[in-house]
Amino acid sequence: MSLLEEPTTDTLPKLLQRNAAESPQAPGMREKTRGVWQTWDWTAYRDRVRDFALGLAALGFQRGDKLSVVGDNRPQLYFAQLAAQALGGVSVPVYQDSIAAELVYVLNHAETSVIVAEDQEQVDKALSLKDRLPNLRWIIYDDPRGLWSYDDPMLRSFLTVAEEGAAHGKANPGLYDAELAKGGADDLAMIAYTSGTTGNPKGVMLSHRNMIAAAEAFIEVNDTRPGDNWLSYLPMAWVGDAAFSLGMALAGKLVANCPEGPESVQRDLRELGPNAMLAPPRIWESMLTTMQVKGGDATPGKRRVFDYFRGLAERCELKRTDGKALTMGERLGLVLGEIFVYGPVRDQLGLRNARWCYTGGAPLGPDTYRFFRSFGVNLKQVYGATEASALIACQADAEANPNTVGRPMPRIEVRIDDAGEVLLKGPNVFLGYFKQDEVTRDTVTPEGWLKTGDAGFFDKQGQLVIIDRAKDVGKLTDGSAFAPQFIENKLKFSPYIREAVAFGHEKPMVVAMIAIDMQTVGTWAEKRGLPYTSFMDLSRKPEVAAMIGEEIAKANASLPDVQQVKRYLLLNKELEADDAEMTRTRKVRRRFVAEKYAGVIDAFYGGANEVQVTMDITFEDGRKSSLTNNIAIHSRLAA
């Protein structure tokens, strides 16, 4: 029976009550603090949520009020969201690295009345903005370090609110249970703001039904088990984190583990050895880069061993994908490779216990995908959207394929319209955009089909294939198809290329702007005695440009001639979310980038050998600066 069919489990806080009743001493959440993992069992988890909810009630928080959390992944920030929902309120997580203007927009648009901040940094940010936030009544902080001298009347500590809540509960017995019972499946649970690739972010309204239905569908087709460890390290404002660290963890009794901090994620991942993992392409690309760099830095003997077994693994993975049998020699080689290379690599990555891993949020290049599959990581693709509670389709273990995103999950209908756009319908589809009814009507058809904005089709096996964002798919002047993400993923397989933006729609050839990977290119330069002082200085080196040209030639070798990158330049700074070039989830804002770099595009196709580029730099407090210099344009005429 579905959890949604039982009134006692039809909201996220009610699922927490169930877990505490059925598995009181089983771990529900962990946090690494000062090098030690501290565990909250389901009973302690429930009690802290209850006490904080009662504390919020004592502060005047009411049904329909909005609570925002801002900071890194911390148990108290998850507790706060569930506490607000238990009272009939709405959680609104925001990105902790947002600049002031972004925060003001989201917090005002959502009508946030309570901010729960992780630490002093986030408190300072909130206090600096409070005069621009008319709905804000309270700022509650988790980590008290550095805040002992603050005396703003808005400020309260999480611990104090929880303690006052416990006292409030004793004075009002039955209050929490009564408020919890009022909640229903169709109540608004969360407003998740989109990454805003085409303008201001939109507030996606997700109900408890939406989030629980998505979690149930995913659990039904994946090997999830109560007690499985899950690393909660993705931005809390990203709907993917909410889907797993809250929805999936509560529905399936998974253990959400919060790392000590962003800088310790890789170390904590290896130490924890989670049973499952979700990561966006940027994380997998970063892991691949790390492995490639370590392989390149090894002694000649070790490098030859690594390269041999890597090549063997990739050849065998391609044969398995094509349904071909492996020879006895290949099978023996894989056994030896597991001992000498594959097992140690998975251990270094922290994936030794992972039964399955998913990549999602954007397409992952097939070369990167096959690398991990060939090394024994059960990496698969998941496809979703914020408006679909993060989850639409996923791959089964036996159907892993870099060219598809799998089959629609149970109870989710997917169809392709006449224009090739992916449409879906199901219990996971959102309630609408907050305070944007017209945009909602443009996104959901009168028959209830959600327009995803993605172009795709079903292959002969019934697998869903996503080509690109529908608005980004174009054609070259000769009529050849142009899908920029496909080309960019080929380029980003290189450890030296961090970001790539390809252009070619209605143009005679494909060109690309490249942002180098500062760490790997810097190491490459140091080994060759090539001095540099900054990102800009490094990117302007002719030697670096030539090396990147060789990397582009490798990518071109696997592309049809018409889709090969013919001209490129190296940007003098990284593409940044603060400068509106990327979203907070590292997706390129193509329309904005095309407008911002219109002069560069004209120079590419005008045959110029260099172009003057002005780069905007935005500081966290909203101050802006700019950088202007000439950048060389290079030709890569042959693969």
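Predicted model: local features only at pLDDT ≥ 70, side-chain atom pairs only at ≥ 80, totals over all residues.
1. Strand S9 is covered on both faces: Gly 203, Met 205 and Ser 207 are buried on one side, and Val 204 and Leu 206 are buried on the other.

2. Which strands pair with S9? Strand S8 (residues 188-193) is joined to S9 by 5 bridges and runs antiparallel to it. In this pairing Leu 188 stands opposite Ser 207 of S9. Strand S19 (residues 432-433) is also antiparallel to S9, with 2 bridges between them. Here Met 205 faces Gly 432 of S19.

3. A separate point concerns an open sheet of 4 strands, ordered S17-S18-S20-S21 and paired in the antiparallel sense. Strands S17 (413-416) and S21 (464-469) are at the edges with a single partner strand each, so one side of each has no neighbour in the sheet. On average, neighbouring strands of this sheet are turned by 50° against each other, direction ignored. Strands of a sheet pair through backbone hydrogen bonds, either parallel or antiparallel.

4. Within that sheet, S17 pairs with strand S18 (residues 421-425) in the antiparallel sense over 4 bridges. The bridge partner of Glu 413 in S18 is Lys 425. The hairpin of S17 and S18 has 4 residues between the strands, and in it Gly 420 takes a positive phi near 90°.

5. At the other end of the strand order, S20 (residues 450-458) and S21 pair antiparallel over 5 bridges. Ala 455 is found in strand S20 and stands opposite Asp 468 in S21. Is Ala 455 buried or exposed? Ala 455 has a relative accessible area of 11%, under the 20% limit, and is therefore buried. Ala 455 and Ile 416 are 39 residues apart in sequence, while their C-alpha atoms are 8.4 Å apart in space.

6. Two residues deserve a look for their backbone angles. Most residues other than glycine have a negative phi, and most peptide bonds are trans. Glu 111 has a positive phi, near 60°, and is not a glycine. Glu 111 sits in the loop between helix H4 (100-110) and strand S5 (112-117), and its relative accessibility of 34% makes it partly exposed. Ser 389, also not a glycine, has a positive phi of about 60°. Ser 389 is in the loop between strand S14 (379-383) and strand S15 (393-394). With a relative accessible area of 4%, Ser 389 is buried.

7. A search of the whole structure gives 18 aromatic pairs. A pair of aromatic rings is described by the distance of the centres and the angle of the planes. In one of these pairs, the rings of Phe 52 and Phe 158 have centres 4.2 Å apart and planes at 5°, so the pair is stacked. Phe 52 belongs to helix H2 (residues 42-58) and Phe 158 to helix H6 (residues 158-171), so the pair ties together parts that are 106 residues apart in sequence. Both Phe 52 and Phe 158 are buried.

8. The pair of Phe 218 and Phe 244 has ring centres 5.2 Å apart and planes at 80°, so it is edge-to-face. Helix H8 (residues 208-220) holds Phe 218 and helix H9 (residues 239-252) holds Phe 244, so the pair ties together parts that are 26 residues apart in sequence. Phe 218 and Phe 244 are both buried. Elsewhere, Trp 284, Phe 306, Tyr 308, Phe 309, Tyr 342, Phe 371, Phe 372 and Phe 375 form one aromatic cluster.

9. The last point is about the surface. Val 305, Leu 332, Val 335, Leu 336, Ile 339 and Phe 340 make up a nonpolar patch there, with about 560 Å² of accessible area together. Which helix gives the most to the nonpolar patch? Helix H13 (residues 328-349) does, with 5 residues. Leu 336 lies in helix H13 and is partly exposed, its relative accessible area being 36%.

Key: Residues numbered from 1 in each chain as written. Heavy atoms only, no water. Pairing = 2+ DSSP bridges. Axes fitted to C-alpha atoms, helices over the stretch in contact; angles between N-to-C directions. Patch = residues over 30% accessible without salt bridge, like charges linked within 9 Å, V, L, I, M, F, W, Y side chains within 5 Å. Areas by Shrake-Rupley, 256 points an atom, 1.4 Å probe, with all protein chains shown as cover. Salt bridge = Lys/Arg side-chain N within 4 Å of Asp/Glu carboxyl O. Buried < 20%, exposed > 50% of the residue type's maximum accessible area, 1.4 Å probe, protein only. Phe/Tyr/Trp six-rings, centres within 6.5 Å; stacked < 30°, edge-to-face > 60°.
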